[in-house]
Amino acid sequence: MGKREFPGSLEILVLSAVLRAGREASGIPIAHEIEAATGRPVPLGSIYATLARLEEKGMVVSELGPPTPERGGRARAFFRLTTPGLAELRHAQRSLLALWDELPAPGRGRA
Amino acid sequence: MNKRGPPWLATFLLRRFAGRYRRDALIGDLIEEHGRGRGSAWYWWQALCALTCGAQAAILPRLPALVALLAWWTVLLLLTLTLRRPVILFALDPSVYWLLRRKRRLRETLGRSAPVLLLCLWLAPCLPRPAAAAETVAFQSGDRTLHGLLYRPQGDGPFPAVLYNHGSASGLLSNQAFDRAGPILVARGWVVFAPYRTGQGTSSDAGPYIMDEIRKAQARGGEAAAEHTMVELLATGQLQDQMAALAWLKRQPFVRAGQIVAMGNSFGGIETVLGVEQGGYCAGVDVAGGAMSWEGHRELQSRMAQAVEHATAPILFLQAGNDYSVEPSRVLHAAMEAVHKPSELRIYPAYGSSKDDGHNFGWRGADVWMKDALAFMEARCRP
């Protein structure tokens, strides 16, 4: 069995943003979702580089919409999670929540 | 609204040097946001970030090889400076021997050319690569979402395109065929789209696998039922998938919609013939279509003959001489000639030692037959 490769933090953010953006999940809405959640802008180049890795790992798939004049005749790429992508995101969520439960409340040490 | 266009230099750099993955979509996003009022500084910042990410993605996979090469050269140069045994060094690496003989000249040359070398190292990842990597794309066929692999040449196009129909192999095995044919065609300036039809490869979750359906039919009603199911599925649902892939390909701005060739091996060859009957292609290349199923299968023979008689574009039939049967190519070529439709036939010498090797010539031998296929395609589609 191959070694399990854990997704990085930006990969988890992008997977979550793709899920939240739903059918409109393309570059700009994904960037907006991440900025709204973290308060920090993430360059689109980083988001697309992350999406390329995720698609290579089979966690997302993409398709092109129709090209439009306001985009200089370029098509928008829409992304959605695959079943393995969704499973990976749920696994990450469970792991983070389990770790969070073990943490002491802020300002208090463990007895 | 931003009435001025985005900085052309930044767009040019993105088009030329940004990572290949969804490059057009990224540029489109930036142009759209700029049009909505984002400033040029924002546009430049995004462009520089995208260029850095692209360079990083290109360098990282090559890092181990680069480090190993530098380490080897460091060891050899240290040996050159400490040992006075050039013969041993010559055995290890003749280039180091050459360097040893010209040490003074080497220092001078390196001193002068170091900036150029560094610049070349930085720009190397951005140089065009003929063997483009494939990206996975999705398309709709009725209510099903299917996926396929897309290979693209450098640049915005529009380019002529090949729609490659895969055979009956299970799982992702057809990727081997795509990876043989794709880079050869891309190097000659063709876009290649290899859609996975329902039940196979990356579309396996969209419906049943055709071979499972054929086996079930065989278990129920024997060979005749299996043949009927095969022909029916290839000429209905599977053909619908192919035509949906063609419609998707025609909508892409980097494709010349009037210059699309259908190509395919084995079951994909049958699909190619059926696709050319439907229309929308400028030519077809049927590689060993139906060779494994031809003998004694009248329904298949009759359906394929009917398809070529109504073909809307010229078809090239090609096979290796030791395939299971070369009759499909011979019979279908003759059928087209009989109705005065343009067609060509190539039967190549035996490939490998078995019938299976001969049949696999359809994808393993792509580097052998592609030259003829390209000549045929370019004469018909790029006059």
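Hi everyone. Before we look at the sheet, one definition: two strands count as paired if DSSP finds at least two bridges between them. And please keep in mind that what you see above is a predicted model.

Let's start with chain B. Which strands make up its open sheet, and in what order? There are eight of them, and they run β1-β2-β4-β3-β5-β6-β7-β8, with mixed pairing. Now look at the two ends of that list. β1 (135-141) and β8 (343-348) of chain B are at the edges, and each has a single partner strand, so one side of each has no neighbour in the sheet. Going from one strand to the next, the twist averages 25°.

A quick reminder here: strands in a sheet pair through backbone hydrogen bonds, and they do so either parallel or antiparallel. For an example, find strand β3 (residues 159-165) and strand β5 (residues 255-265) of chain B; these two run parallel and are joined by six bridges.

Now let's turn to where the two chains meet. On one side, 27 residues of chain A are in contact, and on the other, 31 residues of chain B. Together the chains bury an area of about 2400 Å², and 58% of that comes from carbon and sulfur atoms. Three residues stand out: A:Tyr48, A:Leu64 and A:Arg74 supply 26% of the area that chain A buries against chain B, more than any other three residues.

What about charges across this interface? The rule finds four salt bridges between chain A and chain B. In one salt bridge, A:Arg71 pairs with B:Glu32, and their closest N and O atoms are 2.6 Å apart. There are also nine residue pairs in polar contact between the chains. Which element gives the most residues to the side of chain A that touches chain B? That is α3(A), with eight residues. Sorted by class, this side of chain A has 13 nonpolar, seven polar and seven charged residues.

Let me finish with the whole structure, where a search over all chains finds 21 salt bridges. Have a look at A:Lys57 and A:Glu11, whose side chains meet in a salt bridge at 3.1 Å, N to O. A:Lys57 sits in the loop between α3 and β1 of chain A, while A:Glu11 belongs to helix α1 (residues 9-21) of chain A, so this pair ties together parts that are 46 residues apart in sequence.

Note on methods. Residues are numbered from 1 along each chain as its sequence is written. Chains are lettered from A and ligands numbered from 1 in the order in which they are written. This is a predicted model: local features need pLDDT of at least 70, side-chain atom pairs count only at pLDDT 80 or more; totals for chains, interfaces and linings use all residues. Side-chain values use heavy atoms; hydrogens and water are left out. Helices (H or I, at least four residues) and strands (E, at least two) are DSSP runs, numbered from the N terminus. Axes are lines fitted to C-alpha atoms, for helices over the stretch in contact, and angles run from 0 to 180 degrees between N-to-C directions. Contact means heavy atoms within 4.5 Å. Buried area is the accessible area (1.4 Å probe) that two parts lose on being put together, summed over both. A polar contact is a pair of N or O atoms within 3.5 Å; within protein, one must be able to donate a hydrogen and the other to accept it, and residues adjacent in sequence count only if both atoms are side-chain atoms. Ala, Val, Leu, Ile, Met, Phe, Trp, Tyr, Cys and Pro count as nonpolar, Asp, Glu, Lys and Arg as charged, and the others, Gly among them, as polar.
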